Amino acid sequence: MKLKTKRTLAAVGVLGLVGVGLAVHTGTGTPSAWGIGDIAAICPLGGIEAAIASRTIVPPLLIGLAIVVALVALAGRAFCAWGCPVPLLRRVFGIKERKADKPTLAERDGANDSRNWVLGATVLTTAAFGFPVFCLICPVGLSVATFIALWRLFQFSEATLSLVVFPVILVLEIVLLRKWCHRFCPLGALLGLMSRLNRTFRPKVAPESCLQCSGGSCSRCADVCPEGIDLHHPEQSVSLAECTKCGECKDVCPAHAISFPFLRRAGKPEPSVAPSIGCAEDAVAIVER
């Protein structure tokens with residue numbers, strides 16, 4: 001089974017868990033606030049907005065944010081590929097990633113990253129209005145809210161205006177703002193900052209198997225990466241902190257030379273490769289900045 005299929009099943013499974021929670025009243029919450037009882041692994045951006053809006057910091061909130069930081073340190077931005085409903089909806093609407101949509105190294109360089117500006121605007125508007133403004137248009141929240149509204153329609157015959165408003169905003173964001181994830185998503189920006197702590201499940205090239213390392217012209221892994229990561233030319237590549245663990249590079253590699261090990265083995269000698277090709281693990285490590 002290809003990883004793309006697994007990612008689709010994972011995203012559907014997230015919504016399935018929301019349905020189970022609604023059906024049997026488990027109280028586990030939604031992707032905006034998973035948890036048990038008073039302790040929720042809350043959406044980090046939503047948690048920050050809630051604290052700013054209420055001007056209050058409570059222990060459950062801090063515990064929830066600490067859980068999120070720990071999960072991101074372990075899995076990086078995996079939520080963006082495996083749990084976020086936006087990629088799922090893009091596949092439903094048949095919206096494919098274009099090469100022009102991918103971010104470049106310059107566009108991911110601090111102040112040049114437009115997501116960071118949106119993240120800053122999100123924080124400032126929350127402080128100014130005393131309300132988490134971004135939550136009104138967050139695709140994750142809108143997707144879950146639409147799912148819950150549909151659930152209540154079928155379970156209680158409860159028809160509300162949200163059944164129209166939420167899907168319309170969501171479709172506009174998905175269809176018209178094709179570059180939402182790479183240019184506008186403040187949650188992606190925040191997870192990207194947190195994932196600088198991540199050192200696990202990072203893509204690794206096996207030079208002895210890689211066609212490019214053997215002198216070939218293959219560049220499929222770089223071409224297919226939605227985040228603009230090039231494992232062979234790290235000096236020109238977006239940081240590995242932006243990796244969403246989607247596995248597209250692994251699926252597309254004709255030589256099956258890419259893996260996602262839990263940790264890189266230290267001290268393992270690498271086969272010699274052409275100096276002009278950055279296939280060695282030392283070269284790949286340059287993007288770990």
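User: Which residues lie nearest the centre of the largest pocket?
Analyst: This is a predicted model: local features need pLDDT of at least 70, side-chain atom pairs count only at pLDDT 80 or more, and totals for chains, interfaces and linings use all residues. Numbering runs from 1 along each chain as its sequence is written, and side-chain values use heavy atoms, leaving out hydrogens and water. A pocket is an open set of points on a 1 Å grid over the protein atoms alone, where a 1.4 Å probe fits, with protein on both sides within 12 Å along at least five of seven lines; lining residues have an atom within 4 Å of a point. The largest pocket has 34 of them, and nearest its centre lie P87, R90, R91, E97 and P226.

User: Which element gives the most to this lining?
Analyst: Helices (H or I, at least four residues) and strands (E, at least two) are DSSP runs, numbered from the N terminus. Elements that give two or more residues to the lining include α1 (3–24), α5 (85–92) and α7 (139–156). The most, four residues, come from α5.

User: How many lining residues are charged?
Analyst: Asp, Glu, Lys and Arg count as charged; Ala, Val, Leu, Ile, Met, Phe, Trp, Tyr, Cys and Pro are nonpolar, and the others, Gly among them, are polar. The lining of the largest pocket has 18 nonpolar and three polar residues. Its charged residues number 13.

User: How many disulfides does the structure hold?
Analyst: A disulfide needs two cysteine sulfur atoms within 2.5 Å. For C225, the nearest cysteine sulfur is that of C246, 6.1 Å away. For C249, the nearest is also that of C246, at 6.3 Å. The number of disulfides is zero.

User: Is C225 buried or exposed?
Analyst: Buried means under 20% relative accessible area, exposed over 50%, and partly exposed in between (1.4 Å probe, protein chains only). The relative accessible area of C225 is 11%, so C225 is buried.

User: What kind of aromatic pair do F147 and W151 form?
Analyst: Rings of Phe, Tyr and Trp (its six-membered ring) pair if their centres lie within 6.5 Å; planes under 30 degrees apart are stacked, over 60 edge-to-face, the rest tilted. F147 and W151 are four residues apart in helix α7, so about one helical turn separates them. Their centres are 6.2 Å apart with 40° between the planes, and the pair is tilted.

User: What is the geometry of the F201 and F262 pair?
Analyst: The ring centres of F201 and F262 lie 5.2 Å apart. This pair links distant parts of the chain, 61 residues apart. The planes stand at 75°, so the pair is edge-to-face.
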